[in-house]
Amino acid sequence: MKLTVNGVEHEVESHGLQPLLSVLREELGITSPKAGCQQGGCGACTVLVDGEPRRSCLIPAGALNGAAITTVEGIGTPEHLAPVQAAFHEHYGSQCGFCTPGFLLATHALIERSPGADRAQIDEALAGHACRCTGYVKILEAVEAAVGGAK
Amino acid sequence: MALADVDVVVPTSPDEALAAFGDGKDVTVVAGGTIVLPDLTAGRLRPTRAILLARAGLDGITRDGGRVTIGATTPVSALEGGDEPLATAAHHVADPEIRGQATVGGNLCAEASADAPRGDLQAALIVLGATVRSGGKGGERSEPVEDFLANGAGRLVLDVSYDDVARQTGYAAASRPHAHHYTILAVAAAKRDGELRVAATGLGPRAVRLTSVEQGGEVSGVEARDDALASAWYRSRLLPRLVERALADLEDTG
């Protein structure tokens with residue numbers, strides 16, 4: 001089956017019941033989506049599936065033929081960071097970094113969907129993301145700056 | 001688990017899905033995957049054959065001929081902003097990313113785990129008087145959601161429907177400590193042409209109607225369960241308060 005990841009088309013051979021997470025990490029070697037709880041509960045494996053933030057640990061590969069996947073590598077480059085990446089850098093929104101890809105992609109999708117989202121919308125959009133360093137104050141400062149900057 | 005040995009079918013129409021499902025024997029149905037995939041990953045589920053419904057054309061909400069029909073693979077998120085009390089019940093499910101992935105049919109078919117009851121939407125569907133259409137052994141069948149919950153194991157849900165009429169509705173749920181908790185306890189109520197229906201989700205393995213409350217009395221005749229989310233003691237004391245709140249919410253919508 002075919003899967004487009006960050007604009008590059010791949011012919012994928014993983015079994016249809018393998019979660020997208022293991023297709024990305026183990027077959028394609030893209031390790032920015034993190035294998036945290038692998039039960040849908042932590043948000044660290046979040047990627048964009050056709051533009052929508054989704055848990056890659058919960059989606060079977062076989063359901064995705066032809067889908068376009070975006071990971072953090074696909075929203076910006078070290079030279080040209082996406083606004084949300086620049087805001088996390090500026091506001092120190094990352095401590096150990098394990099949850100960061102998920103927070104970045106959820107926020108990136110929020111900015112696309114609701115530019116200028118308020119705090120309640122931000123809380124709702126990030127409800128499924130856990131930071132076990134408990135760096136939420138810095139994360140939310142970064143998210144608010146990114147969302148505010150996109151107004 | 002040797003995944004390589006598991007036959008996976010990805011039907012592209014409802015008829016193909018029904019044909020692949022057959023009599024439902026030894027088939028693992030994957031709709032959104034939010035319950036099945038964690039069970040697979042943790043080794044709690046070892047399927048022999050799997051059907052992925054993502055492309056089976058079973059999604060979408062239609063309003064036609066006085067009925068609202070919700071396809072089995074319609075995401076839970078599609079219910080938000082729609083008819084109450086289903087919309088509020090849907091909003092209480094997990095987080096927006098999970099709600100975009102999880103399906104109505106999956107939520108309806110989710111059996112209680114040892115840790116928690118899982119059918120967050122069941123009470124709301126019961127008070128709407130919803131009908132479940134399913135396929136499987138003996139062919140297609142339509143039945144009230146309560147009957148499906150009691151006898152529907154091993155069926156493939158095609159859609160859920162209810163009358164498209166005005167109702168007063170109410171909903172009250174216990175607050176969740178975390179977005180990913182299943183519903184600890186919730187009460188849904190709907191009144192149509194003077195007839196009140198009240199049901200609770202989270203009390204037991206599947207949602208139940210609170211008939212004594214519908215008849216104007218106190219909560220009686222139901223038992224609460226103990227699990228990892230809450231004790232039976234807590235649930236049985238919380239239930240009358242949620243009933244009061246749901247009925248007050250219903251009167252407010254009058």
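Q: Helices (H or I, at least four residues) and strands (E, at least two) are DSSP runs, numbered from the N terminus. How many helices and strands are there in chain A?
A: Chain A has five helices and five strands. Along the sequence they follow the pattern β-β-α-β-β-β-α-α-α-α. This is a predicted model: local features need pLDDT of at least 70, side-chain atom pairs count only at pLDDT 80 or more, and totals for chains, interfaces and linings use all residues. Residues are numbered from 1 along each chain as its sequence is written, while chains are lettered from A and ligands numbered from 1 in the order in which they are written.

Q: What does the C-alpha trace of chain A span along its principal axes?
A: The trace spans about 40 × 30 × 25 Å.

Q: At what angle do the axes of H2(A) and H5(A) cross?
A: Two packed helices are described by the angle and the distance between their axes. Axes are lines fitted to C-alpha atoms, for helices over the stretch in contact, and angles run from 0 to 180 degrees between N-to-C directions. Helix H2 (residues 83-90) and helix H5 (residues 136-149), both of chain A, cross at roughly 140 degrees. Their axes come within 8 Å. H2(A) and H5(A) are therefore oblique to each other.

Q: Which residues in H2(A) meet H5(A)?
A: Contact means C-beta atoms, placed from the backbone, within 7 Å. On the H2(A) side are Pro83(A), Val84(A), Ala87(A), Phe88(A) and Glu90(A). They meet Ala142(A), Ala145(A), Ala146(A) and Gly149(A) in H5(A). By class, this contact has seven nonpolar, one polar and one charged residues. Nonpolar covers Ala, Val, Leu, Ile, Met, Phe, Trp, Tyr, Cys and Pro; charged covers Asp, Glu, Lys and Arg; the others, Gly among them, are polar.

Q: How do the axes of H2(A) and H3(A) cross, and within what distance do they come?
A: Helix H3 covers residues 100-113 of chain A. The axes of H2(A) and H3(A) come within 9 Å and cross at roughly 130 degrees. H2(A) and H3(A) are therefore oblique to each other. Pro83(A), Val84(A), Gln85(A) and Phe88(A) of H2(A) touch Thr100(A), Leu104(A), Thr107(A), His108(A) and Ile111(A) of H3(A). The classes here are five nonpolar, four polar and no charged residues.

Q: How many residues does the contact take from chain A and from chain B?
A: Chain A gives 24 residues and chain B gives 24 residues. On the chain A side, strand S4 (52-55) and helix H4 (119-125) are the elements that give two or more residues. S4(A) supplies the largest share, four residues. By class, that side has 10 nonpolar, 10 polar and four charged residues.

Note on methods:
Angles under 35 degrees count as roughly parallel, over 145 as roughly antiparallel, 65 to 115 as roughly perpendicular and the rest as oblique. Two residues are in contact if their C-beta atoms, placed from the backbone, lie within 7 Å.
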